[in-house]
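Q: I am new to this structure. Please pick one part of it and take me through that part closely, with the cut-offs behind the terms you use.

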Amino acid sequence: FLYLSLFQSCIFSFAQNANELKIDGLGLAFNRYGISYERLFEPNSGVGLKLIMKRAEDYYAIPYYRYYFGGNYDDDKLFVEGSGLYYSYDSKDYDGNIYDGGKRNSILGAGIGFGAKTRLSSNFIIEGVASSGIGKVLMATSESKYKIILQISVSVGYQF
């Protein structure tokens with residue numbers, strides 16, 4: 001809730017320049033569903049929120065800030081991003097067996113990433129992102145206290 005509130009206040013505190021709505025196409029191959037929204041404030045910066053659901057019981061909320069290297073909205077661009085992370089999941093081993101008494105757990109974290117975005121005809125876009133971060137497990141379980149999070153996504157979307 002806190003991430004969504006901060007994200008909403010960022011959106012309404014700046015003048016509107018461009019918006020993007022994207023779907024994570026690579027995630028579909030790994031049974032992961034992701035959608036993201038980004039508001040570009042200037043040709044070189046934007047904030048966004050990515051929501052990901054994995055296996056119907058695990059989900060992520062990832063707010064991010066991006067700095068773009070490039071001239072205007074129509075250019076192909078490289079970018080770097082700083083992101084937050086909220087991850088909620090059931091504790092499972094590698095075979096999918098639930099442990100820790102079925103407790104639901106959460107992780108709060110932060111990370112950095114890089115990627116590229118290109119604009120196709122008629123305001124359609126495609127972007128690729130690779131990011132990593134570290135998060136703290138919030139509940140005491142038999143897991144380690146910290147987890148490294150790696151993410152690779154290829155998204156398609158529309159700029160309006």
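A: Start with the charged side chains: 10 salt bridges are counted here. A salt bridge is a side-chain nitrogen of Lys or Arg within 4 Å of a carboxyl oxygen of Asp or Glu. Side chains of opposite charge can pair when their charged atoms come close.

Two notes on reading the values. This is a predicted model, in which local features need pLDDT of at least 70 and side-chain atom pairs count only at pLDDT 80 or more, while totals for chains, interfaces and linings use all residues. Residues are numbered from 1 along each chain as its sequence is written, and side-chain values use heavy atoms, with hydrogens and water left out.

Now the setting. The protein has two helices and eight strands. Helices (H or I, at least four residues) and strands (E, at least two) are DSSP runs, numbered from the N terminus. Along the sequence the pattern reads α-β-α-β-β-β-β-β-β-β. The protein has 160 residues, and 39% of them are buried. Buried means under 20% relative accessible area, exposed over 50%, and partly exposed in between (1.4 Å probe, protein chains only).

Next come Lys 117 and Glu 38. A salt bridge of 3.3 Å, N to O, joins their side chains. Again the link is between distant parts of the chain, with Lys 117 in strand E6 (residues 104-119) and Glu 38 in strand E2 (residues 32-42), 79 residues apart. Lys 117 and Glu 38 are both buried.

Glu 127 has another partner, Arg 66. The side chains of Arg 66 and Glu 127 form a salt bridge of 2.9 Å, N to O. Arg 66 lies in strand E4 (residues 58-69) and Glu 127 in strand E7, so this pair ties together parts that are 61 residues apart in sequence. Arg 66 has a relative accessible area of 1%, so it counts as buried. Glu 127 is buried too, at 3%. Salt bridges with shared partners join Glu 20, Lys 22, Glu 38, Arg 66, Glu 81, Lys 117 and Glu 127 into one network.

Return to Lys 22 in strand E1. Lys 22 counts as buried because its relative accessibility is 1%. What surrounds this residue? Leaving aside neighbours within four places in sequence, the contacts of Lys 22 include Gly 34, Ser 36, Tyr 64, Ile 125 and Val 156. Contact means heavy atoms within 4.5 Å. Glu 38, Arg 66, Lys 117 and Glu 127 are also among the contacts of Lys 22.

Lys 22 makes polar contacts as well. One, of 2.7 Å, joins its side chain to that of Glu 38. Another, of 3.3 Å, joins the side chains of Lys 22 and Glu 127. A polar contact is a pair of N or O atoms within 3.5 Å; within protein, one must be able to donate a hydrogen and the other to accept it, and residues adjacent in sequence count only if both atoms are side-chain atoms.

Last, Ser 45. This residue is in strand E3 (residues 45-54). Ser 45 counts as buried because its relative accessibility is 9%. Beyond its neighbours within four places, Ser 45 touches Arg 39, Leu 40, Tyr 65, Arg 66 and Tyr 68.
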